[in-house]
Amino acid sequence: MFKRDTNVYLQVNGGDYFELSVYPDASFSQVYSEAELPQKTLHKPENLISSGFTSSLNPGNFNFTIVIIDTANAEAVLQCLSKRDPLGHEIYLENNGSVIRLDSCVFENVVFNFVRNAISTVSMSGTYSYSEDSELPPSPLALGEVYTYIQELSIYKDGNEITNITSLNFEISNEITWLDNQTMHDSGPVPKKNFRTSGKTVSGTVVANGDMTLPEYSDGVPFSFEIMFNSSALMSVELPKAIVTKRNQLDELVKNGYDFRAISEEYTIKYRGVNICN
């Protein structure tokens, strides 16, 4: 599916309904799986009396990228992406009058992409229960057209500022397990509708111009960053305890890469001054 033909909408946990600025395209897929059931025999009395099979509709996969917008509606969308305990949402894809609804979508990977002299974006991927033909809910809310970019970017590791930054990627990953839901014989596959969260990872990478240095490893240090847009804080993140690794990244210019990962759940993610990870 390509952006010029497809409109993408997100309904946040059965509530507000937003039209997303997808860039450049969106995709989704889903497959079935089957397994045989052995027949009961003299040597295997624990099996069923007659042979058969189980049929299961595996969770589908989706991914797309949206432009980060400086509006209150965008704040609501980013909040649903960043929650500590992920919920199920609905995604609608409209193409030439046809509408497909993806039910119980769970965001498993959300990556904020901030690059100097480029529009800021957030890439997201995840899984969903099932898809079906549908109609669009009425009156979607628009995110607006105030595209964002880095005006100022401050990053601190253990109280020391990292300078000459060229890019920052910040990622939220949820470990999702869908619970089995199987049927027997000819009753047809049933989608998996329930899931559990088994973990979350908050991490990222900073790239900065610099000289070649020896690698560095820091454990349990504070790490934070703040992105300014239109003279106010667009996004800020504070990780009280993080693992940070500094490495050389050889490109056309010598660059330093900083890989960071939170090792404490006491972190904050703010967008336009509002904590969006509660």
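These notebook entries record what I looked up in the structure.

**Entry 1. Basis**

I worked from a predicted model, in which local features need pLDDT of at least 70, side-chain atom pairs count only at pLDDT 80 or more, and totals for chains, interfaces and linings use all residues. Residues are numbered from 1 along each chain as its sequence is written, and side-chain values use heavy atoms, with hydrogens and water left out.

**Entry 2. The whole protein**

I listed one helix and 22 strands in the protein. Helices (H or I, at least four residues) and strands (E, at least two) are DSSP runs, numbered from the N terminus. Of the 278 residues, 44% are buried; buried means under 20% relative accessible area, exposed over 50%, and partly exposed in between, with a 1.4 Å probe and protein chains only. The protein exposes about 14400 Å², and carbon and sulfur atoms supply 46% of this area. Accessible areas come from the Shrake-Rupley method with a 1.4 Å probe, and for residues only the protein chains shown count as cover. I also looked up contacts (heavy atoms within 4.5 Å). Among those with a separation of 6 or more, 70% join residues 24 or more positions apart.

**Entry 3. The cavity**

I found one cavity of 30 Å³ or more in the structure. A cavity is a set of points, on a 1 Å grid over the protein atoms alone, where a 1.4 Å probe fits but cannot get out; lining residues have an atom within 4 Å of a point. Grid points are joined across faces, edges and corners, and a volume is the space filled by probe spheres set on the points. The volume of the largest cavity is about 30 Å³. I66, V67, I68, I69, A74, V77, L78 and L143 line the largest cavity. Two or more of these residues come from each of β6 (60-67) and α1 (72-82). Helix α1 gives the largest share, three residues. I counted eight nonpolar residues in the lining, no polar and no charged. Here Ala, Val, Leu, Ile, Met, Phe, Trp, Tyr, Cys and Pro count as nonpolar, Asp, Glu, Lys and Arg as charged, and the others, Gly among them, as polar.

I placed F18 in strand β2. F18 is buried because its relative accessible area is 2%. Leaving out residues up to four places away in sequence, F18 touches V8, Y9, L10, V12, N73, A76, V77, L141 and L143. The C-alpha atoms of F18 and V77 are separated by 7.9 Å, although the two residues are 59 residues apart along the chain.

N13 is in the loop between β1 (6-11) and β2 (17-20). With a relative accessible area of 45%, N13 is partly exposed. With the neighbours up to four places away in sequence again left out, N13 touches L87, G88 and H89.

**Entry 4. Strand pairing around β18**

I followed β18 (residues 216-229), which runs antiparallel to β12 (residues 152-157) and is joined to that strand by six bridges. Two strands pair if DSSP finds at least two bridges between them. Y156 has S224 in β18 as its bridge partner. β18 also pairs with β19 (residues 232-250) in the antiparallel sense, over twelve bridges, and F223 stands opposite L239 in β19. The hairpin of β18 and β19 has two residues between the strands, and N230 takes a positive phi near 55° there.

**Entry 5. S203**

I located S203 in strand β17 (residues 195-209). S203 counts as buried because its relative accessibility is 15%. Beyond four places in sequence, S203 touches N169, F170, E171, F260 and R261.

Note on methods: 1 Å grid on protein atoms, 1.4 Å probe; cavity = no way out; pocket = protein on both sides within 12 Å on 5 of 7 lines; lining within 4 Å.
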